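Student: I would like to work through this structure with you by question and answer. May we begin once it is displayed?

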Amino acid sequence: MIVNRQVLTLDEFTIKQLRDFPNATGELSGLLRDIGLAAKRVNVEVNKAGLVDILGDTGTVNIQGEEVKKMDEFANDQLVGVLRHGINCAGIASEELDDIVVFDDEVSNNSKYICMFDPLDGSSNIDVNVSIGTIFGVYRRVTPKGTPVTMDDFLQAGNKQVAAGYIIYGSSTILVYATKRGVNGFTLDPSIGEYSLSHPDIKCPPTGRIYSVNHGNFFQYEDPVRNYINVCQKKNKSNGGPYTQRYIGSMVADVHRNLVKGGIFMYPGTIDKPNGKLRLLYECNPFAYIVEKAGGKATDGKQRILDIQPKELHERTPFFIGSIEMMEELESFTGKV
Ligand code: AHG
C-alpha cells in the first residue's frame, strides 16, 4: 500500500488552524486531542469485545432506567479520566451519570470549557458487532474562571456549543468534529495510531434518498409524521421517491451515513413517550450543531433543536435531522420551523 504522507493528522490539522488565530490558547485543540485519546482506548476495547469477557450487563441500571453494559462504563471512565487529568476541561456531564462531575482543582477551575457526552451510543448493538459511537459537545463555561463549574454551565442551549463531534467505531474508526469553521472527519490509521484527515470540509448534500426511522413504532407516531413516512415510500418524480429505508439503531452510524450521503433521520415522539428517546444534551445538541454546520437542519418538529433551553440534564426530545430539502419536505406535513 502506498502511504500518502501529505495527509494531515488530527493534531497537525488543529495546530494548522491555531496558526491562523495567533490569540488562540490551544485549549480547545487540547480538549479535542484528549477526547481523541479516550476514543482510541475505547476503540481498542470495542474491537476486542468479541474476545474478552467484557460483554453483558453489569446488572446496574443507569439514570435513564436502562441496563448499563460494561463497555458503557469503560467508555465513560475513559472520557472522565482523560478529561479530569487533562488541563482543558473544568467539568463534564455524561449520559451514564446522574449528576455533573466538577473537576474542582486549581488548574481545572481555570479551564474555560465544559464537555457533555454520550460515551457509547447504540450500546445494545455491541453484542452483535454493529457500529456504535461516542458523541460529545463542548461549551464555554458561563461562571467565572477560577471557580468550580456549576449546573448553570451545563444547562445551556445547544447554540452555545463551541465544538461538537462524534467517533464512530465501524468498519473504520472515524472522528468527526465541527467548530464554527466547519466540519472535518479523521479516520484512525491503526498502523500509526493517529487520526488522519479523510473527510475534509464535510457538507451535507441538500437532498438524498435515505430515510431512517424505527418503523416498528409507526402506529405510535402522530399523523403528520406518518403522512411524511408514507410519502417517503411512494414513487414520486419530484422528490426521487420511493426513498430507501435504513435504520441501524445506532444514531451515530445512521446520522453519519446521512451526513455523508444525504438523508433524513427521525426519532419522533410516540403515544407512550411524547418526547421520544434521545437525550437533548448528550445526543441531539451535538448532532444538530454538526449537521447545521454542514448545511443541514435539525428540529424537534416545532423548533430548532439548538434553540431549546434545557431544564434538566437528562431531558429527552423528539428529533428530526438531515438534508435541508428533506427536512423541508417533512415540514410540509409537520409545519414550518
Ligand atoms: P442505546 O445506546 O441505548 O442502544 O440507544 C441508542 C439510541 C440511538 O443511537 C438509536 O438511534 C436509538 O436509540 C434506537 O432506538 P430504538 O431501538 O427505539 O429505535
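Student: Which residue of E15 is the bridge partner of Lys-297?

Tutor: This is a predicted model, in which local features need pLDDT of at least 70 and side-chain atom pairs count only at pLDDT 80 or more, while totals for chains, interfaces and linings use all residues. Residues are numbered from 1 along each chain as its sequence is written, and side-chain values use heavy atoms, with hydrogens and water left out. Strand E14 pairs with strand E15 (residues 319–322) in the antiparallel sense over 3 bridges; two strands pair if DSSP finds at least two bridges between them. Within E15, the bridge partner of Lys-297 is Gly-322.

Student: In what order do the 5 strands of the open sheet lie?

Tutor: Strands here are DSSP runs (E, at least two residues) and helices likewise (H or I, at least four), numbered from the N terminus. The edge strands, each pairing on one side only, are E12 (244–245) and E14 (297–299). The pairing in this open sheet is mixed, and the order is E12-E11-E13-E15-E14.

Student: At about what angle does helix H9 run to E14?

Tutor: Helix H9 (residues 324–334) lies across E11, E13, E14 and E15. Contact means heavy atoms within 4.5 Å; axes are lines fitted to C-alpha atoms, for helices over the stretch in contact, and angles run from 0 to 180 degrees between N-to-C directions. Helix H6 (residues 223–232) runs at about 145° to E13, whereas the angle of H9 to E14 is about 35°.

Student: How far is an oxygen atom of the ligand from an N or O atom in the side chain of Tyr-247?

Tutor: Tyr-247 is among the residues that come nearest to the ligand, as are Asp-121 and Met-251; a residue is near if one of its heavy atoms lies within 4 Å. A ligand oxygen is 2.7 Å from a side-chain N or O atom of Asp-121, and one is 2.7 Å from a polar backbone atom of Met-251. For the side chain of Tyr-247, the distance is 2.5 Å.

Student: What is the value of phi of Asn-129?

Tutor: Asn-129 is found in the loop between strand E5 (113–121) and strand E6 (132–140). Its phi is positive, in a residue other than glycine, and is near 65°.

Methods. Polar contact = N/O pair within 3.5 Å; in protein donor to acceptor, adjacent residues only side chain to side chain.
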